[in-house]
Amino acid sequence: MQLPAEPVIFFKATSAMVGPNDDLIIPKNSQKTDWEVELAIAISKKASYINEAEALNYVAGYVLHNDYSEREFQLERSGQWVKGKSCNSFAPLGPWLATQDEINDVNNLRLWLTVNGKIMQDGNTKNLVFNIPHLVAYVSQFMSLLPGDIISTGTPAGVGLGQKPDPIYIKPRRCDRIRY
């Protein structure tokens with residue numbers, strides 16, 4: 001995949017936000033529900049048109065984001081990505097928020113994700129296309145960031161869509177666990 005010249009921005013509906021151990025709700029008609037581990041940035045105070053040098057002054061801390069995407073809704077249907085990214089339960093966050101002083105180097109954090117006990121993603125924030133200060137400053141050029149807003153940073157290799165030779169997607173284990 002070609003690297004973007006600028007960060008790709010999309011919204012997730014607040015109805016997508018859930019706790020870290022809540023059930024994943026696979027959407028009706030979903031065929032390609034995918035996983036993504038990401039570091040999320042929690043905003044501490046209003047930020048508008050800030051620069052990179054001051055960006056970390058607006059960060060409350062960092063939280064794990066287990067981002068889900070329905071790839072067919074996102075990539076194969078016309079319109080915005082939001083419909084594939086904002087399904088109910090598609091933004092588990094937590095279980096903890098780590099403040100900046102609790103992390104020695106936010107640009108060198110290991111992020112990994114397992115599916116059914118198998119490590120599918122294993123990356124590091126040092127490999128992010130855009131660093132944390134750049135992301136915060138960049139987003140603030142287009143919208144005001146408010147306390148409690150979350151910016152997710154992007155995901156390392158290993159998502160289901162990228163599996164070779166064929167993509168692998170999340171399937172329900174039992175029909176009675178599917179909720180619509």
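**Strand 3 and its surroundings**

Four bridges join strand 3 to strand 4 (residues 91-99), and the two run antiparallel; strands here are DSSP runs of E with at least two residues, numbered from the N terminus, and two strands pair if DSSP finds at least two bridges between them. Within this pairing, valine 63 stands opposite leucine 97 of strand 4. The model is a predicted one, in which local features need pLDDT of at least 70 and side-chain atom pairs count only at pLDDT 80 or more, while totals for chains, interfaces and linings use all residues. Residues are numbered from 1 along each chain as its sequence is written, and side-chain values use heavy atoms, with hydrogens and water left out.

Strand 3 also pairs with strand 2 (residues 33-43): 11 bridges join them, again in antiparallel orientation. Here valine 63 of strand 3 stands opposite alanine 40. Of the 12 residues in strand 3 (residues 59-70), nine are buried, that is, under 20% relative accessible area, where exposed means over 50% and partly exposed lies in between (1.4 Å probe, protein chains only).

Serine 152 belongs to strand 7 (residues 150-152). With a relative accessible area of 28%, serine 152 is partly exposed. Beyond its neighbours within four places in sequence, serine 152 is in contact (heavy atoms within 4.5 Å) with Glu38, Leu39, Ala40 and His65. The side chains of serine 152 and histidine 65 are joined by a polar contact of 2.5 Å; such a contact is a pair of N or O atoms within 3.5 Å, and within protein one must be able to donate a hydrogen and the other to accept it, with residues adjacent in sequence counting only if both atoms are side-chain atoms.
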